[in-house]
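Please open the model in your viewer and keep the sequence panel beside it. The tour moves from one selection to the next and says what is to be found at each stop.

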Amino acid sequence: MRDDAARLQGRGNSPNLEMHPNLPSLSLLAAVAILGPLCGQCVTAGGQTIALSPTLPGQVGPIGPDDEGLSAPIPLGFAFPIGGAAYTHAVVESNGVIYLTNGGQPVGATVQGLADMSGSVGSSPRIAAFWTDLAASVTGPFGVTWNVTADASVPGRMIIRWIGVSESVWLCPSNLDAQAVLDVSGAVELSSRLGGGMQFFCQPVTIGISAAGALVAAGSDLSTGPTSSVAALYEEWAFGLPDVVGTTTMFLPQAGGYVAVRTCMAARHDVVGDGCGGLTLSASPEPVSTPTSGATVDYVVSNMPESAPGSGAYVGLLAFSLAAAPAAPIDLSPFGAPGCYQHIAGIDVGVTLVGAASSQQCAIVLPPALPPGLLLYAQAAGIWGQPIAGPQSIGLVTSNAIASNVNAF
């Protein structure tokens, strides 16, 4: 956008994206192919099924281990350091949490998904992959067969997976996979992803790590890459779907505490900034590109201004960039569009929009085998022949931007 005449900040041709109806094929993706290192799929497969024993009696009979279950102590194959001590065994709970012990049962374990990252004096350390009141039901809301597995196939690592689990409040149907990877170094990777169907949560969720033992620590925003000076780092969501679902967050030991680093993110679209003049941009479905298949992503520009009053014509521009979005939006007031901002670095590809409706769609065909983690930024502008807003010296409004993270899942 930067200015109307320059059609944003042009930066030449760009990715080898097939864009239609009449956008030519371009070639900048050859340069993007060297990006790395890049992650694979956040939640993987494998491991041996863990036997869970029920921990909570019900009103009529015992609540099964698929709802409230705890495993026997599982040997890690190494000593996992946390909080100045080391632990050799993991005890896995159906509610998405792991307790660390030295061969015994955990101290201070909770039931019914009640998350407690501080615990009482002497309580066992805990790792919350997706700690909430989960119900791993064979006949869950989407017919998914659940499983909880342990995978020690890589020396010095233990991977615990919860596959096809669901929130126990079935008025909020869900289908979730979660994974915790414990490394001999003391590092932990926590991942999660959603399956099909309606996805939202009615209960609190906690994700992170804590040495517990009455350790006092406040929750952090994991999406910002936080650090902690004590042996605990986690985030609590009181309601709704955690914003780290579909990602991997690594918790790295650092000076007695941890630093959180996001290392993997599933294919998704994120809204960046705001539009002006009511112009908005959206994109769907997710930008998935596997080694053998791509996806068609529809970018929809809504509330475009009429190019001239009574003309019935709507004209605009949809711009794409492979460069990172600017740290702060670029104010377009000096270019005659006060209240409007540029949220992308410039133009690698520009698509002209012309039509007889205020909402227009541009379909972008993503080819197979794009580099996982590729970020594609898009922003739209609506253009008219003469300004209709008093302060403007040009006829231009801009939308929010969309940051599309391309991945194979």
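**The whole chain**

Begin with everything selected, and bear in mind that this is a predicted model. Coloured by secondary structure, the chain shows 1 helix and 28 strands, and of its 409 residues 49% count as buried. If you display contacts between residues at least 6 apart in sequence, 65% of them join residues at least 24 apart.

**The nonpolar cores**

Next, select Phe80, Ile98, Ile127, Trp162, Leu182 and Phe251, which, of the 42 residues in the largest nonpolar core, touch the most other members. Strand S5 (residues 74-82) gives the largest share of this core, namely 5 residues. Stay with Ile127 and show its surroundings: leaving aside residues up to four places away in sequence, its contacts include Val97, Ile98, Leu100, Leu182, Val188 and Ile209.

**The aromatic pairs**

The structure holds 2 aromatic pairs. For one of them, select Tyr99 and Trp131, whose rings sit edge-to-face at 6.2 Å centre to centre, with 90° between the planes. This pair links distant parts of the chain, as Tyr99 belongs to strand S7 (residues 97-101) and Trp131 to strand S8 (residues 126-131), 32 residues apart. Both Tyr99 and Trp131 are buried.

Then move to Tyr299 and Phe320, an edge-to-face pair with 5.1 Å centre to centre and 90° between the planes. Here, too, distant parts of the chain are linked, with Tyr299 in strand S21 (residues 295-302) and Phe320 in strand S22 (residues 314-321), 21 residues apart. Tyr299 has a relative accessible area of 2% and is therefore buried, while Phe320, at 0% relative accessibility, also counts as buried.

**The largest pocket**

Switch to a surface view for the largest pocket, which has a volume of about 440 Å³. To centre on it, select Gly246, Ala266, Ala267, Arg268 and Glu286, the closest to its centre of the 19 residues that line it. Strand S13 (188-194), strand S19 (268-272) and strand S20 (280-284) each supply at least two residues of the lining, and the largest share, 3 residues, comes from S19. Coloured by class, the lining shows 9 nonpolar, 5 polar and 5 charged residues.

**Backbone details in the loops**

Which residues does a cis peptide bond join? Select Ser284 and Pro285, where omega is about -10°; Pro285 lies in the loop between S20 and S21. Most residues other than glycine have a negative phi, and most peptide bonds are trans.

Go on to Asn303, in the loop between S21 and S22, which has a positive phi of about 65° although it is not a glycine. Its relative accessible area is 45%, so Asn303 is partly exposed. Ala369, in the loop between strand S26 (360-366) and strand S27 (374-383), likewise has a positive phi of about 65° without being a glycine. Is Ala369 buried or exposed? Ala369 counts as exposed because its relative accessibility is 52%, and the cut-off for exposed is over 50%.

Finish at Val154, in the loop between strand S10 (147-151) and strand S11 (157-167), which is partly exposed with a relative accessible area of 41%. A distance drawn from its C-alpha atom to that of Asp183, 29 residues apart along the chain, comes to 9.8 Å.

Key:
Residues numbered from 1 in each chain as written. Predicted model: local features only at pLDDT ≥ 70, side-chain atom pairs only at ≥ 80, totals over all residues. Heavy atoms only, no water. Helix = DSSP H or I, 4+ residues; strand = E, 2+ residues; numbered from the N terminus. Buried < 20%, exposed > 50% of the residue type's maximum accessible area, 1.4 Å probe, protein only. Phe/Tyr/Trp six-rings, centres within 6.5 Å; stacked < 30°, edge-to-face > 60°. 1 Å grid on protein atoms, 1.4 Å probe; cavity = no way out; pocket = protein on both sides within 12 Å on 5 of 7 lines; lining within 4 Å. Points joined across faces, edges and corners; volume = space filled by probe spheres on them. Nonpolar A, V, L, I, M, F, W, Y, C, P; charged D, E, K, R; others polar. Core = buried A, V, L, I, M, F, W, Y, C linked by side-chain atoms within 4.5 Å. Contact = heavy atoms within 4.5 Å.
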